[in-house]
Amino acid sequence: MSLVHAQEVEIKEAFALFDPTNSGVIQPKAFSDFLALLNNAELTNTVKLPTQPLDFKAFSALLAKNHHGAETSEEAYGILFKTINKDGSGNISAAELRAALQHFGDNSLSEADVDEIVHEADVSGDGRVTLEEFLKIMQKSEKKLRGEHVL
């Protein structure tokens, strides 16, 4: 996979994170809230916040203009994990995942749906998702987005 193609895949994945309802646009408030959750002053100060909903093309242009480094998807997922893990325990509970999904506008998942996601990701069976487990499930999702066969 070429670097350009890899970057395109990562941009699509980022867009999907901001658009959990698959509406095809990212609302300015969702974008702003996500940046605030990352708690990265340098990033917040360098990114010009949109005032109108962003479609994929506008989102890609915004990222291209503001991307200053080769952050990997694993690094981005690590940041996302820390953001979701509100209690700092090093694990994500179903309640934390549900709160994060609701915060980003996805209220379509039932409590049972969120429990199922946690159960699928929770290899250890303790009812919580570790960073390792989170990375594995996100990498599996990346493969699905690329159309690769996933076991």
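Student: What should I know about the model before we start?

Tutor: This is a predicted model, in which local features need pLDDT of at least 70, side-chain atom pairs count only at pLDDT 80 or more, and totals for chains, interfaces and linings use all residues. Residues are numbered from 1 along each chain as its sequence is written, and side-chain values use heavy atoms, with hydrogens and water left out.

Student: How many helices and strands does the chain have, and how do you know what counts as one?

Tutor: The chain has eight helices and two strands. Both are DSSP runs numbered from the N terminus: helices are H or I with at least four residues, and strands are E with at least two. Along the sequence the pattern reads α-α-α-α-α-β-α-α-β-α.

Student: Why is the pair Asp-87 and Arg-128 called a salt bridge?

Tutor: A salt bridge is a side-chain nitrogen of Lys or Arg within 4 Å of a carboxyl oxygen of Asp or Glu. The closest N and O atoms of Asp-87 and Arg-128 are 3.6 Å apart, so the pair falls within the 4 Å limit. Asp-87 lies in the loop between helix H5 (73–84) and strand S1 (91–92), and Arg-128 in the loop between helix H7 (111–121) and strand S2 (129–130), so the bridge ties together parts that are 41 residues apart in sequence.

Student: How many salt bridges are there by this rule?

Tutor: The count comes to two. Besides Asp-87 with Arg-128, Arg-98 and Asp-115 meet at 3.4 Å, N to O. Arg-98 lies in helix H6 (residues 94–103) and Asp-115 in helix H7, so this pair ties together parts that are 17 residues apart in sequence.

Student: What makes Arg-128 and Asp-115 partly exposed?

Tutor: Buried means under 20% relative accessible area and exposed means over 50%, with partly exposed in between (1.4 Å probe, protein chains only). Arg-128 has 23% relative accessibility and Asp-115 has 37%, so both belong to the class in between.

Student: And why does Lys-86 count as exposed?

Tutor: Lys-86 has 60% relative accessibility, so it passes the 50% cut-off. Lys-86 sits in the loop between H5 and S1.

Student: What does the side chain of Glu-133 reach instead?

Tutor: The side chain of Glu-133 reaches the backbone nitrogen of Ser-124 at 2.9 Å. A polar contact is a pair of N or O atoms within 3.5 Å; within protein, one must be able to donate a hydrogen and the other to accept it, and residues adjacent in sequence count only if both atoms are side-chain atoms.

Student: What makes Val-118 a buried residue?

Tutor: Its relative accessible area is 4%, so Val-118 falls under the 20% cut-off. Val-118 is in helix H7. Leaving aside neighbours within four places in sequence, Val-118 is in contact (heavy atoms within 4.5 Å) with Ala-94, Leu-97, Gly-127 and Val-129.

Student: Why can we speak of a buried side of H7?

Tutor: In H7, Val-114, Val-118 and Ala-121 are buried. They cover an arc of only 70 degrees around the axis, which puts them on the same side of H7; the arc is that of the directions from the helix axis to the C-beta atoms. The face turned away from this side carries the exposed residues Ala-112, Glu-116 and His-119.

Student: What makes a group of residues a nonpolar core, and which have the most contacts inside the largest one?

Tutor: A nonpolar core is a set of buried Ala, Val, Leu, Ile, Met, Phe, Trp, Tyr and Cys residues joined through side-chain atoms within 4.5 Å. The largest has 27 residues, and those with the most contacts inside it are Ile-26, Phe-31, Phe-59, Ile-92 and Phe-134. Helix H1 (3–18), H2, helix H4 (56–66), H5, H6, H7 and H8 each supply at least two residues of this core. Phe-134 touches Tyr-77, Leu-80, Phe-81, Ile-84, Ile-92 and Val-129, not counting residues up to four places away in sequence.
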